[in-house]
Amino acid sequence: MTREILISEVGPRDGLQSIKTIMPTPAKKAWITALAASGLREIEVGSFVPPHLLPQLADTAEIVAHALTIPHLTVAVLVPNRHGAEAAIKAGAHKLTIPFSASETHSLKNVRRTHAQMLDEVRSIVALLRALPANRRPKFEGGMSTAFGCTYEGDVPADKVVRLAQELREAGCDEVGLSDSVGYANPAQIRDLVVRVRDVVGRDAFAGLHLHNTRGLGLANVVAGLEVGVEIFDSSMAGIGGCPFAPGATGNIVTEDLVFMLESMGLHTGVDLTKLFEARKILAAAVPTEELYGYVPAAGLPLGYRASAAGAR
Ligand code: ZN
């Protein structure tokens with residue numbers, strides 16, 4: 001039996017929000033179309049934040065409208081608060097993720113809210129969602145950032161992450177995911193925390209791992225996740241984005257390398273690497289001065305490479 005892995009592409013949101021270049025709207029649309037054509041089934045296409053904070057994502061409503069025209073694609077967006085959730089619902093996004101920082105210091109610096117205030121925000125969004133007819137209600141994820149460590153607080157105790165995950169579920173999030181946005185996680189920590197968080201939120205309510213490759217452990221952490229049964233991973237084409245707290249550091253784990261590793265291991269992603277490289281060309285042309293990462297795109301596919309049996313369509 002081939003295991004199915006869902007790769008959630010976050011480049012158009014996580015990647016583009018942290019680079020200087022503002023990708024023109026037509027290029028974004030073409031890129032997202034190409035990403036979906038490669039077989040990616042979920043793409044985080046933007047974030048509903050005030051345009052003056054993130055001019056790179058000011059066109060999110062228009063991008064969502066475009067992405068919704070692509071068949072069988074789950075269109076995901078980030079929403080920092082209720083206001084953002086209202087805009088996301090109006091735009092018709094399928095999935096909303098609210099970033100919730102396990103480190104309260106990070107939360108205060110990032111969104112100027114305590115954990116209690118963030119949980120109130122979550123409950124307010126849940127009320128908004130539950131008032132919608134069931135067939136128009138997007139899925140709502142609490143994405144727990146700094147779950148494996150924080151640039152302000154250092155260690156973030158696992159007990160605290162587990163408790164907050166439970167509180168997010170109790171507040172009404174459909175799913176809870178774990179993010180290592182600053183690249184502090186190691187494989188042993190991944191195995192331990194995933195098992196503990198999944199125990200409290202429920203297996204079906206675990207939204208997977210969002211990993212960065214800041215210290216080179218990104219794919220090792222994916223393997224650790226696979227070992228404990230994780231089947232959803234976020235990644236970004238070309239690993240764009242970097243780390244806002246570490247100038248020059250690499251960003252998200254690279255979608256191209258992730259697909260190569262998983263397919264080589266016999267896992268099924270549904271993603272065609274050759275088509276993925278075509279999508280990368282669109283990105284490269286649209287943000288020519290930004291650094292693009294990825295070992296497999298640089299080295300090329302090894303002689304005799306075959307996608308997993310189920311992937312060879
Ligand atoms: Zn990230």
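In the predicted model, Arg-13 touches Glu-44, Val-45, Gly-46, Ser-47, Leu-57, Leu-78 and His-210, when residues up to four places away in sequence are not counted. Arg-13 lies in helix H1, which covers residues 11-17, and its relative accessible area of 8% falls under the 20% cut-off, so that Arg-13 is classed as buried.

Two packed helices are described by the angle between their axes and the distance between the axes. For helix H2 (residues 25-37) and helix H11 (residues 273-286), the axes come within 8 Å and cross at roughly 165°; because this angle is over 145 degrees, H2 is roughly antiparallel to H11. The crossing in which H2 passes H11 is left-handed. On the side of H2, the contact is made by Ala-27, Ala-30, Trp-31, Ala-34, Leu-35 and Ala-37, and on the side of H11 by Lys-275, Leu-276, Ala-279, Ile-282, Leu-283 and Ala-286. The residues of this contact comprise 11 nonpolar and one charged, with no polar residue.

Helix H7 (residues 158-170) contains 13 residues, which at 1.5 Å a residue should span 18 Å, and this agrees with the 18 Å that separates its end C-alpha atoms. Within H7, the residues Lys-160, Val-161, Val-162, Leu-164, Ala-165 and Leu-168 are buried. H7 is followed by Gly-172, for which phi is positive, near 115°.

Definitions and conventions
Residues are numbered from 1 along each chain as its sequence is written. This is a predicted model: local features need pLDDT of at least 70, side-chain atom pairs count only at pLDDT 80 or more; totals for chains, interfaces and linings use all residues. Side-chain values use heavy atoms; hydrogens and water are left out. Axes are lines fitted to C-alpha atoms, for helices over the stretch in contact, and angles run from 0 to 180 degrees between N-to-C directions. Helices (H or I, at least four residues) and strands (E, at least two) are DSSP runs, numbered from the N terminus. Angles under 35 degrees count as roughly parallel, over 145 as roughly antiparallel, 65 to 115 as roughly perpendicular and the rest as oblique. A crossing is left-handed if the near helix is turned anticlockwise from the far one by less than a right angle, and right-handed if clockwise. Contact means heavy atoms within 4.5 Å. Ala, Val, Leu, Ile, Met, Phe, Trp, Tyr, Cys and Pro count as nonpolar, Asp, Glu, Lys and Arg as charged, and the others, Gly among them, as polar. The expected span of a helix is 1.5 Å times one less than its number of residues. Buried means under 20% relative accessible area, exposed over 50%, partly exposed in between (1.4 Å probe, protein chains only).
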